[in-house]
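Have the sequence and the structure at hand as you read.

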Amino acid sequence: MRWTHNNFILQPLEAEENAGLMYTHVVYHFYLSNMFNSHFTMVRPSEIVAFLLLVTLVGTSLAANILYPVESESREVRTLHGLWNFKISPPSNQLIGFDEKWYTMRFEILGDYWKMPVPSSYNDVSTNSTIRDYVGWSWYQYEFYVPKRWTDDQLNVFLRFGSVHFKSIVWLNGKLCVDHEGGHLPFIGNATDFLKYDEPNLIVVAVNNTLRPDTIPQGYTTYPNNTYKYPKDYSIYSHEFDYFDYSGINRAVHLYTTPKVYVCDITVLTSFGNNLEGIVDYKVDICGNNVSECNITLLDANRNTVVESNTCSGQLIIPNVIPWWPIMSGKKHIAYLYTFQVKTNNEKSDYYRLRIGVRTLQWTSKELLLNNEPIYLRGFGKHEDSIIRGRGYDDALSARDYYLIKWLGANSFRTSHYPYAEETLQQADAEGILVIVESAACNLRIFGPDVMKFHKGVMTENVNRDKNHPSVIMWSLANEPHNNLNSSVSYFRELYKHVRNIDPSRPITFVNSQQIQNAKAIEYMDILTLNRYSSWYSDSGHLELIQYQIYNEFEAFTKKYKKPILFTEYGAGAIAGLHSLPETMWSEDYHVTLLQEHFKTFDSLIANGVPILGEMIWNFADFKTPQEYIRPGLCVKGLFTRERQPKMAAYVVKERFHTFISNTAWQKRSLSCG
């Protein structure tokens, strides 16, 4: 193995069977073995105290400045959105931008650049296939002005990126401001000392989307060493996930100001007292000075003061609390949010407001409980994916998706296969949609110490970003890892402990696709999960086997591990408008029948007391995939087309989801799924 231009070069060994997973890329042999004993961690109320103590001790080192930028009496927020100048480095000279110091000069002088919208992925905007498929260093550049009053008022100015995929280096006016590795999560640089207040400011971002075996997710660069078929030194870049790896500045870029002493992190944990009063345990971190006094005000939805405090950490008691309930709970108040308002107690006070919901989560060997009531998840996996914009966040698209989610009667989704935009979770809080937040660890095959270090880092960032969202009910450490390998056991046990230490309040899992005899690490998670594609990837066309296979497998998993199970993926591809009678694969008719056979199975499992936590379809909407002969440029398993229009299956799912009385597994009436 060797390093070249930030790419990890790994020569392929003999290929092995891909453990029943639905991927077609290069595979490798890695052998490590370490077996550990079982454990099963449950949350206790006393863990809240220990958690807040941990936050106090490690404090801002975990999440300094990661709060979402919001305006207030003391803060101003600007977006740096628009058409940025964009260049790519030649494949034969990846370091040219560094050698020639592109970060110090305007691209108009260099020439040969494009205009690229921010936020968006760069891949599908132009008509150039080189840009669409580009892997390596790309460069963004933008000019902007800032008001002189920012320096006159002696304010901090921070530069915040919501997500850049994958590795990024940021310069302001030719000086290094911040660097970060890992897509899908925010990072911040202190721009205060780099800004100019009497002339344009030049921001330059170098982005490298090359994945390696030691990153999350993993990617590989190989050399075929076959001059008969490939030119000398020809390389092949590959990854093992089946969605298109959109790249660039995918989410918002903000400039925001704070006073010199400012609120840099907030942690809240909620519960209920013996008399059903609401309890908010909180910790506010203040940066810039040794200020330790805060004025805390909790406001209701009508902005009336509910309770106040004058300490930066403590406990708020809410009489007559209105709990946060998810949609379709049958409750008077759905998605009720309070406002947690912080004011620093110093000469130039900082104000920050965070919307929170009061709710609890518990899990047992049979149930997942929200506010002490069992929850049955009805939803799907999704993707951040749209035409032209790629993985770039878009308010209009997000609003449309939530309208469709509510139209279906769904109550949940999983952020497959990476953390979604913060704005998406904010809307989930406000709409009452339950969310399983998943890391970008899709189809992990290598479980070494370098990957573990990276994985722990992104999980820490992820948990600290999303810890205060009432909609977030579960952490998924990975999707379809190769947990049939012995090395996965110690890996996931250690990773589980890491996440449990930084969040005691939510169940932790990873999404399993292994057969029961090969699933070595799932038993150490709080919740069992399963991805299965009966009569699609296995026993193709044999719809009559679905009920038999799924029922037996679910029963076997829950009996063996004594834990509840969540069906995280099932489905079939359907080309919109293709019909067949009798139904055949790829037709909308086959898609509908396959779903209906699963519905019958779920009803039988529920009726017979098998602890199933929910049914999550793959996928919400069609999405782009890498070029391959088994798909027409898209994964077409969506209930909706990529344009967010319904297929036949969407109406069938709508009928089923709307039959549930509440968020439990029980329905208003028996279904006829024939």
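## What counts as buried

A residue is called buried when its relative accessible area is under 20%. Keep that cut-off in mind for what follows; note too that this is a predicted model.

## Two disulfides

A disulfide is a covalent bond between the sulfur atoms of two cysteines. The count here comes to two disulfides. With the bonded cysteines numbered in sequence order, the pairing reads 1-2, 3-4.

One of the two disulfides joins cysteine 264 to cysteine 287, with an S to S distance of 2.1 Å. This pair links distant parts of the chain, 23 residues apart: cysteine 264 sits in strand β17 (residues 262-272) and cysteine 287 in strand β18 (residues 278-287). The torsion about the S-S bond is about 75 degrees, so this disulfide is right-handed. Cysteine 264 is buried at 1% relative accessibility, and cysteine 287 is buried at 13%.

Cysteine 294 and cysteine 312 form a disulfide as well, S to S 2.0 Å. Cysteine 294 belongs to strand β19 (residues 294-299) and cysteine 312 to the loop between β20 (305-309) and β21 (313-318), so the bond ties together parts 18 residues apart in sequence. Its torsion is about 90 degrees, which makes it right-handed. Both cysteine 294 and cysteine 312 are buried.

## Two further cysteines

Cysteine 177 has a relative accessible area of 15%, so it is buried. Cysteine 442 is buried too, at 3%.

## A buried glutamate

Where does glutamate 240 lie? Its place is the loop between β14 (236-239) and β15 (248-249). With a relative accessible area of 3%, glutamate 240 is buried. Its side chain makes a polar contact of 2.9 Å with the side chain of asparagine 443.

Definitions and conventions
Residues numbered from 1 in each chain as written. Predicted model: local features only at pLDDT ≥ 70, side-chain atom pairs only at ≥ 80, totals over all residues. Heavy atoms only, no water. Helix = DSSP H or I, 4+ residues; strand = E, 2+ residues; numbered from the N terminus. Buried < 20%, exposed > 50% of the residue type's maximum accessible area, 1.4 Å probe, protein only. Polar contact = N/O pair within 3.5 Å; in protein donor to acceptor, adjacent residues only side chain to side chain. Disulfide = S-S within 2.5 Å.
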